[in-house]
Amino acid sequence: MLSVHHSDDLGPTSPQQVHISVVGGDQMRISWITESDSEPLVKYGRTPGVYDLSSSGTTHSYRYLLYKSGQIHDVIIGSLKPNTVYYYQCGSDSTREFSFKTPPTQFPITFSIVGDLGQTGWTNSTLQHIQASNYDLLLLPGDLSYADYQQNLWDSFGRVVEPLASQRPWMVTQGNHEIEKIPVRHPESFKAYNARWRMPFEESGSDSNLYYSFDVAGVHVLMLASYTDFDPESAQYRWLQADLAKVDREKTPWVFALTHVPWYNSNTAHQGEGDEMKEAMEELLYQSRVDAVFSGHVHAYERFTRVYRGKADNCGPVYITIGDGGNREGLASKYLDPKPEMSLFREASFGHGQLEVVNQTHTKWSWNRNDENAATESDAVWLKSLFSEEACRKM
């Protein structure tokens, strides 16, 4: 039973669910799905309709219960010029032309950050506000489609995000709604997620698509996995330790981390669920002077001060919960009372974040509530790079 359910105006070899992701350096991965067999080929160039470059890649599919996916194509293209618009076509179908803009290689650079996206009316509002912003790259800390075993919802999610995800790189990590493990029948976790959203894990020395890192325009981004082993003996911990040891703050003065489950959280929802991972990995992030940690899972927004081991610490990361993208489960509207002093702003509303890395020393973070027609900047703060703070430099 093939279950892609393409739109009426798309043929069996028409590309759909197109999304792009940075691979490293000057390359980009183009991913898309077709209902029937099609060549994994991307033609591209810097003029609409003129494709003087091409790359080929790989094709695969997967089965899940009665569902059989379409043909999933992955093609890496490059070398690409920074901050440049490219036009491209996927496969042999010439009816759809897409375009994307490559990220810059130097400051400034702007990230959109949103977790727990789903595919609801609130999702559409969030995506409209993100699209209206001037962002270079999107970071998503888990819970993408909320398919929860219903694989056709992965397809509908791919179509919902395609207008944005085909134009700017989307870098994602997994959440609990990506696990989709069924004992005996489907013991393999993250099957759909790994098949559909391949990230540059191998390029960062990771052995798992669930955790990886990448550099872009003076920023080192860590994408961590809340739902695989993270204890000091685990592959993820050893990879993180090695990855952080290689970071050159002269080249990437900013380091940000994303993980699905928050390590600091004053919402009653999911209280304490990140404690084990925090216990295992907080010291690594602190000693490496990670500037901020962004999480999802809790369907609300919250910003903490710089924290280490449960106390305010000028050399610790800022912790931000941004799991308010628009999921079908609704908002997490109950908070612990009284509010901890470390929690500086918290609100249960749908929205998204913008991280504007202005230069080597200063970044503006803003949270944009989407209750109104236009995204409303409801919380904003300037962050100073820990690498630029003499008292916090690693000795």
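1. First, a term for what follows: a pocket here is an open set of grid points, on a 1 Å grid over the protein atoms alone, with protein on both sides within 12 Å along at least five of seven lines. Its volume is the space filled by probe spheres set on those points. Bear in mind that this is a predicted model. With that settled, the largest pocket holds about 610 Å³ of space.

2. Who lines that pocket? There are 30 lining residues, and Gly 24, Gly 25, Phe 214, Asp 215 and Val 216 are the ones nearest the centre. Strand 1 (16–24), strand 2 (27–34), strand 14 (212–216) and helix 4 (235–246) are the elements that each put two or more residues into the lining. Strand 14 gives the most, with four residues. Sorted by class, the lining has twelve nonpolar, ten polar and eight charged residues.

3. Now the core. The largest nonpolar core has 96 residues, and the members touching the most others are Ile 30, Tyr 88, Phe 111, Trp 170, Trp 197 and Phe 214. There is also a second, separate core of five residues, including Tyr 286, Cys 315, Leu 386 and Cys 392. As background, nonpolar side chains tend to be buried together in soluble globular proteins. Phe 214 is worth a click: besides its place among those core members, Phe 214 is one of the residues nearest the centre of the largest pocket.

4. On to the backbone. Gly 78 and Ser 79 are joined by a cis bond, with omega about 20 degrees. Ser 79 sits in the loop between strand 8 (71–77) and strand 9 (85–90). The other cis bond runs from Phe 107 to Pro 108, with omega near 0 degrees. Pro 108 belongs to the loop between strand 10 (98–101) and strand 11 (109–113).

5. Tyr 149 has a positive phi of about 85 degrees, and its place is the loop between strand 12 (137–141) and helix 2 (152–165). Glu 180 is also on the positive side, with phi near 50 degrees, in the loop between strand 13 (170–173) and helix 3 (191–196).

6. Glu 180 comes in at 3%, which is under the 20% cut-off, so Glu 180 is buried.

Note on methods. Residues are numbered from 1 along each chain as its sequence is written. This is a predicted model: local features need pLDDT of at least 70, side-chain atom pairs count only at pLDDT 80 or more; totals for chains, interfaces and linings use all residues. Side-chain values use heavy atoms; hydrogens and water are left out. Buried means under 20% relative accessible area, exposed over 50%, partly exposed in between (1.4 Å probe, protein chains only). A nonpolar core is a set of buried Ala, Val, Leu, Ile, Met, Phe, Trp, Tyr and Cys residues joined through side-chain atoms within 4.5 Å. On a 1 Å grid over the protein atoms alone, a cavity is a set of points where a 1.4 Å probe fits but cannot get out, and a pocket is an open set with protein on both sides within 12 Å along at least five of seven lines; lining residues have an atom within 4 Å of a point. Ala, Val, Leu, Ile, Met, Phe, Trp, Tyr, Cys and Pro count as nonpolar, Asp, Glu, Lys and Arg as charged, and the others, Gly among them, as polar.
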